[in-house]
Amino acid sequence: MFAIVKTGGKQYRVEPGLKLRVEKLKAEPGSQVELPVLLLSGEKTVVGAPFVEGAKVVAEVLAHGKGRKITISRFKAKVQYRRKKGHRQPYTEILIKEIQG
């Protein structure tokens with residue numbers, strides 16, 4: 001059984017026991033969060049409009065962190081314009097406990 005869930009403006013295919021890095025959530029490590037289900041597949045596939053009624057995915061928050069650093073540089077020729085900037089995207093690591101529905 002698997003489900004398609006939406007969090008942080010993105011969609012993920014999840015199964016019980018899967019570890020996943022998603023956009024940062026406002027939840028403490030060790031707590032549980034519920035994610036809305038867009039599609040539920042098992043014996044029968046159910047597609048939500050926009051979400052499946054009565055279905056939810058329960059996940060445990062494992063940790064928060066930052067992704068690897070990316071470098072952004074800007075350059076304009078002949079005018080001595082150079083800018084360098086770095087960015088590390090925050091994430092939340094979750095463990096999918098169960099799919100209900």
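User: Where in the structure is serine 41 placed?
Analyst: Serine 41 sits in strand 4. A strand is a DSSP run of E with at least two residues, a helix is a run of H or I with at least four, and both are numbered from the N terminus. The model is predicted: local features need pLDDT of at least 70, side-chain atom pairs count only at pLDDT 80 or more, and totals for chains, interfaces and linings use all residues. Residues are numbered from 1 along each chain as its sequence is written, and side-chain values use heavy atoms, leaving out hydrogens and water.

User: Why is serine 41 called buried?
Analyst: Its relative accessibility is 12%. Buried means under 20% relative accessible area, exposed means over 50%, and partly exposed lies in between (1.4 Å probe, protein chains only). So serine 41 counts as buried.

User: What makes lysine 56 partly exposed?
Analyst: Lysine 56, in strand 6, has a relative accessible area of 28%.

User: Which residues does lysine 56 touch?
Analyst: Leaving out residues up to four places away in sequence, the list is Glu34, Leu35, Val37, Glu98, Ile99 and Gln100. Contact means heavy atoms within 4.5 Å. Lysine 56 and isoleucine 99 are 43 residues apart in sequence, yet 6.2 Å apart in space, C-alpha to C-alpha.

User: What makes the link between the side chains of lysine 56 and glutamate 34 a polar contact?
Analyst: The distance is 3.1 Å. The term asks for a pair of N or O atoms within 3.5 Å; within protein, one must be able to donate a hydrogen and the other to accept it, and residues adjacent in sequence count only if both atoms are side-chain atoms. The distance passes, so the name applies.

User: How do you know that strand 4 and strand 6 pair?
Analyst: Pairing needs at least two bridges found by DSSP. Strand 4 (residues 32-41) and strand 6 (residues 56-66) have five, in the antiparallel sense. Proline 36 has lysine 56 as its bridge partner. Strand 6 also runs antiparallel to strand 9 (residues 90-100), with 10 bridges. There, valine 57 stands opposite isoleucine 99.

User: What puts the charged end of arginine 13 over the ring of phenylalanine 2?
Analyst: The charged end is 3.9 Å from the ring centre. The rule wants NZ of Lys or CZ of Arg within 6 Å of the centre and within 35 degrees of the ring normal. Lysine 76 lies over the face of tyrosine 81, at 5.2 Å from the ring centre.
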